[in-house]
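Dear colleague,

I am handing over the structure that follows, together with some notes on what was found in it. Please read the notes with the structure open beside them.

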Amino acid sequence: MPTESGSCSAARQAKQKRKSHSLSIRRTNSSEQERTGLPREMLEGQDSKLPSSVRSTLLELFGQIEREFENLYIENLELRREVETLHERLAAEGQAIDGAELSKGPLKTKASHSTSQLSQKLKTTYKASTSKIVSSFKTTTSRAVCQLVKEYIGHRDGIWDVSVARTQPVVLGTASADHTALLWSIETGRCLVKYSGHVGSVNSIKFHPSEQLALTASGDQTAHIWRYAVQLPTPQPVADPTQQTCGEDEVECSDKDEPDIDADASSDCPTIRVPLTSLKSHQGVVIAADWLVGGKQAVTASWDRTANLFDVETAELVHSLTGHDQELTHCCTHPTQRLVVTSSRDTTFRLWDFRDPSIHSVNVFQGHTDTVTSAVFTVGDNVVSGSDDRTVKVWDLRNMRSPIATIRTDSAINRINVCVGQKIIALPHDNRQVRLFDMSGVRLARLPRSSRQGHRRMVCCSAWSEDHPVCNLFTCGFDRQAIGWNINIPALLQEK
């Protein structure tokens, strides 16, 4: 007899394995005992590559979905009984309901009116009954337009960080793995200044709150403060790109579609090679740095598991903030108070309070199950943290036991940023997506990403510029470019 070839046999085994795996998460509807007992035991006995915790979570989610649809089924049965009752009432009043009688004048009007009421009731009931399912998955549809305005191309390696100047003239800053930081004209996309004082990857860039100073952190174990002076070029008319509605139906593209950006746009702009001040004390990569309120002190975060507070004028170390068990990933300062938050690979982030010079308190926030990639302040007493565990959590600083909102996503979260005035969170993902959420965890929009626009590799960071007339959101990533977006915030919030 003919025997199966090796490839056919392997394909059949793979198909049977997929079939058995798909059966392992199927729920039956025969009885409550079967739903809660036997299938779970059968699942635990099935051969699966999924961790037991993940499989348990899947079972719970499927159970919730099943219960929601059971409720819908019961409500549909009740509506059907109401329809039958309506028909019986019409028949009792001596009014036939067949097609011939419905064509008559008075009866046609009354039946049509009753049918219209019933149709409206069905729609209302359906919306109410499905709202729980919709809200449980935190999904919303948005008709707000997210328009790509400008691309900033000139780095020769991935861009780790993006920031917007707080003083006039307002410029865009990018920090790259190519050992440089660039300042850009937001309107024209032209490179204005190149900083090349670091000998390692430039991991972050932040602008001084009141002076033309920039603070950069680098893999060379230092943070530099350097002064810049720029003159903005004359704005050119901005072409109106095709507007796209934010949604989940954008055309995907692969990395091979990445545009050719080998041209060095920074080659003809002024170059700064020597810092004004160099902050040295770390024994590892300095992954982030930020200014404290007032700009007289700066904080740095390093892979040596410490954060350091420096005096900007003297470059002296004021405090060394120790306590994290693993490498730090980010640091952020409060816009109006002497507060610092640091995040770490140890799955926690810490709040450092320097408001009282004699007391330097620290609070530890535990709520993530993987690396906390960033934690940022919002207006008031809230902190938003993002993690590689694919969640974002909103915290109240007065109650750190549990978050007040949790956002669950399908990809790891990188450096997040919050639009303070509108309380909108921008989430850059490893999967090249950038999504917008409100503080309660409701998804507002997704930035367009297709073969024509958007990032083509991992998005590393985002930054809001709330009052800029051209762009109010900037993103950057491993595709070596930064992108300026115009977000129709009023329409976005109206959709919510």
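Which side chain does D381 meet in a salt bridge? The partner is R398, at 3.8 Å from N to O, where a salt bridge is a side-chain nitrogen of Lys or Arg within 4 Å of a carboxyl oxygen of Asp or Glu. This pair links distant parts of the chain, with D381 in the loop between β19 (372-377) and β20 (382-387) and R398 in the loop between β21 (391-396) and β22 (405-408), 17 residues apart. D381 is partly exposed at 31% relative accessibility, whereas R398 is exposed at 66%; buried means under 20% relative accessible area, exposed over 50%, and partly exposed in between (1.4 Å probe, protein chains only).

Please keep in mind that this is a predicted model, in which local features need pLDDT of at least 70 and side-chain atom pairs count only at pLDDT 80 or more, while totals for chains, interfaces and linings use all residues. Residues are numbered from 1 along each chain as its sequence is written, and side-chain values use heavy atoms, with hydrogens and water left out.

The structure holds 9 salt bridges, and one of them joins E211 to R227, with the closest N and O atoms 3.6 Å apart. E211 lies in the loop between β6 (202-207) and β7 (213-218), and R227 in strand β8 (residues 222-227), strands being DSSP runs of E of at least two residues and helices runs of H or I of at least four, numbered from the N terminus. Both ends are partly exposed, E211 at 36% and R227 at 45%.

With kind regards
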